Every structure is written in C-alpha cells, then in structure tokens.
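Hi there,

Here is the structure I promised to pass on to you.

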Amino acid sequence: MKNYFRDGGLVFSVIALIALLLFMSVFTFMYSPDMFWVTAPFVVLVSGFAAGKLIQVTRRNFQYSALITDEIRTQNKTSLYSLPMGVVITDSERKIIWFNKHFSEYFGEEINYGTSIDIISKLPLDKLMTEDGADVKHNDRYYRAYGNTSADENEKNIFLIYFSDITDYVNMQIEKRLSHPVVMLIMIDSFEELFNSSLESETAHVTVQIDRLLEDFIAETTGILRKQSKDRFWAVVEERHIAKLIESKVKLLDKAREIQVNDRMNVTLSIGIGRTAKTISESEDLAKQALEMAQGRGGDQAAIKTTSGFEFYGGLSKGVERSNKVKARIIANQLIQLVESADRVYIMGHKFSDLDSVGSSVGLACAVRNLGYTAHVVVDSLASLSTQLIDRLKAGEDPKNSLFMSPPNAVDSVTDDSLLIITDTHNPLMLESAELHKRAKKVVIIDHHRKTVNFIDNSIIFYHEPYASSASEMVTEILNYFGNAGRISALQAEALLAGIMLDTKNFTIKTGVRTFEAAAFLRKMGADTVNVKGLFANTIESYRQRAALVSKAEIYKRCAIAFTTVFSPDMRLIAPQAADELLGIENVDASFVYYRSNNDEIYISGRSLGAMNVQLVMEHLGGGGHQTMAGAQLKGATVEETGVKVKEAIDKYYENIS
C-alpha cells in the first residue's frame, strides 16, 4: 500500500516536470528562438525519459490491481465452496447453476447442475431473500435460508442462497413445546344424582372403575394425577400426551361411558384442559374456565381453553337430571334481594321470542309485581313468534300499567339502579335489545341452553342449568320459593306451561321428574292444558306451507333435510314445526329445515330426539343451541350453497364421533 502511494506521487511529479519543460520551451521560443534550438534536445531527452518512467509506473499499478482482483476472486470461490453452510446459485427460472460441497451434503446426490430448486423448497425466490430468512424443511431436517440477488454479464438475475442447518435448534424448540406442562381438571358429571339410589358397595365398585380408568390413562403419560374430592381430579400432563389425546378425539370419554351404574345409567366425565399457557398457574386458570364451559354445555365432553379460544370434543350423551333443588332456592333468595334494591325490573328474552322466552319472562315479571315492585317484559311484539300469547295477556290487563314494554321505551327509562333479568338465552348476539343490556348495570341470567363461547360475562347471577327442559321450568321452580308472590294467575301459569310444552315437544324430550313437578305446580295455579294447546294453533295457510316443506324433504345419513325458497312472515314458526314433524319419519335421527328470510339471510332450524346432537352440527355453521334443538344463520349464502354446507356439517359431526 505504501508503494502504491509512492508510485502515485512519482507519476504526479513526472507529469508536473513535463508540463514545466513544455512551458519553458514555449517561453524560450517566444523571446529567443536561437536559445530555443540550443535547449530543445535537452527538453526532448528529459521529457522522453519522464514519459517512459510514467508508462512503467502506470503499467505496474495496473498489473498490481489485476493481481489483487484475481486473488480476491480466487479467495471468494474458495471461501464459498468451503463455507460451513450450504450455498447455491440459481437463475430466475429456479435452475441450479452452482453449489458448494455442504449444499450437496445437506440435500443429497440428487442435486446437480440444472436441477430445479423446487426439490428442496417451492417457496418463491423473493421469500428466500428476506433479511430474517425463511425456514425450510427437507428430509426431516430444518434449514434457514438467506440470500441476495445480482445480475450477470448478460444482465440476467442470479440468486445466491445460503442454507444454515438449524435442525438441532428446531428440535430443541419442539422438545420444549412438547414437554410443556398442561393442567387437566376432570369431574364426574352429576355425581350425587348418579349414585343417589345406589348401595355403598355399588358406589365403591363404580368409583374404583373410574379411578382405575384415569390411573391407566396417566400411566401412559409422564404426568401426575391427584384426586381432590370424590368427584373431582387434578392432573398435570405434558403437551405431547395432550396432542395424542386430542388426536384420539378424547377416547377417554367413550371409555368412561362404558362404566354403568346399576345397569341403567352411564358414567360421563367433564374435562377441562388449559393449553398454551406460560405457567402451570395460568394453565390451571384456563382449565377451570374450560371445565366450567364443558359442564355448561351439558357435560360428557372435553373443553380445551387456549389463549385464542375454546375447542370441544364429545358431548354426545344426554345429561343426567339433577333432582336437588337447593340451587333454585338459593337463586330465588338472591333474586328477591336484588329486586328489593332495584328501582324497577326489566325482563327480556331473545330475538324473535318464542313461547319459552315470553312465558318465562311473564312468570318472573308477575312474581316481581306480586312483591310490590315495578316490572316489565321487554319484547318486540311485531317480531315475536308468540303473538297469540302476548295478545291474550294484553287483553286482560290495564293499558296504563301494561306488563309489556317495547325495547326503545325500556332503553329510555333504564337507570343505574335498574335490574335486568335475561331469560332463555345467554348469548349477547341473541338478545331482544343489546342496547338495554349495554346500559343496565345489574344483570341476571336464567337459561337452560348449552353454554356458548360468547356468553354474557357481566352478570351478577348466572343461573345456568343445561339439564333443565326449558327456561320456563327453571322460572317455575324459582316461583316455588317466592312465597305468596309466586302464586300467579291461571293465565300467567299457562304462559309458563306453554314454554315447557314447546321445548319438550309436549313432554316428549328432555322431560324429567322436575319437569313434571313444574307442570304440576302450574296446573295447581290453574293452567288449562286445552287453553295452552290453543297457543300452538296455526292458520290453514301455515299448515299448507308446513306440509309443503315436509313433502320436499330428503334423507341424508339418517337426517331429514328440507328447504323452501318461499318466504312468509310465519316461516320462523313454520320451519321449526316442520323440523319437529320430520322427526316422525322412520330411521330419522335429526331434521334440518332452512329458508331465506326477508333480509337475505338463511335461517336453519335443527331438531332431534336425542340420538344426534344438533347443537354440534349447528356450531359447525356458526350457530348453536341445545342437544335436541339448535339453529344457525348464514349471511351471503344461497339456498343451494346452504344445502351443501348442512351436509358438510353432518359429515363433520359423524367424523368427530367415529
């Protein structure tokens, strides 16, 4: 480098000397031509020597630069070839132009010049050029690819890609994830009711079978199991075993169902799993939420709570009816205290209210009024499916103190001290008035539908009983503990009885001892079954439309499916009735009826007698409901597309239970 700067100075000096000699020669010629001819040979000699020296130095510099350039190219090639990572050069057509020895070691002998890079990765070349790199998997090994691009002498793009082997790092990450601890909470469903009439020896025999089942499950893992109480277990299992459990679709539930009590009832489990948590404590919190959700959906299922939502498995059997009414008594006492501290009470159900929604709301509102407090049933009469019941109740009341109130009026009059009771739904998207719920500071939920993920979570009391036949049955039990205030009129009792008869399909499904006890109480209050039957009467035109729907039904995997493209205001009532009627067909486990509404949405009604869980089918379509009664709404879908989606949901249901 010193020689280079020295030669550069010499070149500058020679050029300056030649310039000076030329200047002196011109000056001499102008003032003394004779003197010029005397000095000219000397100037030429000196200039020639200087020019020769200049050429020599310049040539040496060029030779030095060329030598350095060749040396750098050779070193680059040697470095790339022996670089401790795979290097490949491809053209814009993804053809391999050159690669080093590590690249061939990574990806095998099938790599050759002209081979497409696609045999390693089909990622676009620009994806492999990112600063953070792109991960590539090949032959069970993992690589991170980096690269840059340039143009050759023909101005064609070439791509230089580096592959770094990160298999050990990835395997460590995988092992860390698979060994992450996950908390499981396991509970025996309806333990008291299950062993209520069993001998001590039978109870001990069954509990031993359950204990052995869970111990065998844990023995196949690296986890631990602890029994917290007679019906509750706590376990910590590695993520690798949870993944296998899910892959088997939680067969643990099926094995538990094989255990029988007194040869008449099957044992079912509710399992809550807290997944993707950072700590065991956080995983336990998620597992508690999951277990609560599993029980809220009727039990006999596993709910997995992650940081992004819920997953469900199972939920195929009917729930065991609970005979203990202690909870109803406690709820009644708490409800009376809330009513006494409120300035007024609003009771509302779900949109397009049916007989159960209106009946349960009416029963509670009348009991609150009997206590001496202001109460109103919030309902949109024009959109209700229970107009006959509403009209019958309005006919016998004082217009100045109407029991019913429209949603807008309720929103305008609600205060911070008001109490809002929501019946027959716990889904905020299904409320009669979302604005009223938003403004109310004190909220109580009374519902029997299986719990959905997007439930109302700001309630003071969440009375949720998925084993109950209807919200009207739950309200009737509460009225038993209201004292004299629970003694409602015959017309109000008929409203509650109508709700029970609707959801039980005239005491056919989900009808237990408590259902008949509630009906007996209402009959004692003066409810007339003939009058209740009149609330289900339809016009002749509605009957014809229902008959037309039933006649068009097709059978698909033991499911009756029917639809109509004709819309009428009564279709919201006709479609569920048609679905109920289709259940009377031989070898039909469930029915689905769908139609297009006047707002261009597709409404689907699903019904079953318990052999198929239509709630799980409707959840695949974004809906929900109960095991025997569910529904869904589709936006932006045609009737033909809906038929395909319903069949796909049925297929997925059978895949999950197989």
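**A buried serine and its helix**

The side chain of Ser 283 has a polar atom 2.9 Å from the backbone nitrogen of Val 183. Please keep in mind that this is a predicted model. Ser 283 is part of helix H9, and its relative accessible area of 0% is under the 20% cut-off, so the residue counts as buried. Leaving out residues up to four places away in sequence, Ser 283 touches Pro 181, Val 182, Val 183, Gly 274 and Ala 277.

Along with Ser 283, the buried residues of H9 are Leu 286, Ala 287, Ala 290, Leu 291, Met 293, Ala 294 and Gly 296. The elements that cover them include strands S6 (181-188), S8 (232-238), S11 (269-274), S12 (301-306), S13 (309-314) and S19 (461-464). After H9 comes Gly 298, which has a positive phi, near 105 degrees.

**The cores**

Which residues touch the most other members of the largest nonpolar core? They are Val 362, Phe 404, Ile 421 and Ile 446, in a core of 55 residues. Helix H11 (residues 355-370) supplies the largest share of this core, with eight residues.

Helices H15 (residues 471-479) and H17 (residues 513-524) pack with their axes 9 Å apart, at an angle of about 60 degrees. Their crossing is left-handed. H15 contributes Glu 473, Thr 476, Glu 477 and Leu 479 to the contact, while H17 contributes Arg 514, Thr 515, Ala 518, Phe 521 and Leu 522.

Finally, helix H22 (residues 639-657) has 19 residues, which at 1.5 Å a residue should span 27 Å; the end C-alpha atoms are 28 Å apart, in agreement. Its buried residues are Val 639, Thr 642, Gly 643, Val 646, Ala 649, Ile 650, Asp 651 and Tyr 653. These buried residues of H22 pack against helix H21 (614-619) and strands S20 (554-556), S21 (559-564), S22 (590-596), S23 (601-608) and S25 (629-635).

Best wishes

Terms used. Residues are numbered from 1 along each chain as its sequence is written. This is a predicted model: local features need pLDDT of at least 70, side-chain atom pairs count only at pLDDT 80 or more; totals for chains, interfaces and linings use all residues. Side-chain values use heavy atoms; hydrogens and water are left out. A nonpolar core is a set of buried Ala, Val, Leu, Ile, Met, Phe, Trp, Tyr and Cys residues joined through side-chain atoms within 4.5 Å. Buried means under 20% relative accessible area, exposed over 50%, partly exposed in between (1.4 Å probe, protein chains only). Helices (H or I, at least four residues) and strands (E, at least two) are DSSP runs, numbered from the N terminus. Contact means heavy atoms within 4.5 Å. A polar contact is a pair of N or O atoms within 3.5 Å; within protein, one must be able to donate a hydrogen and the other to accept it, and residues adjacent in sequence count only if both atoms are side-chain atoms. Axes are lines fitted to C-alpha atoms, for helices over the stretch in contact, and angles run from 0 to 180 degrees between N-to-C directions. A crossing is left-handed if the near helix is turned anticlockwise from the far one by less than a right angle, and right-handed if clockwise. The expected span of a helix is 1.5 Å times one less than its number of residues.
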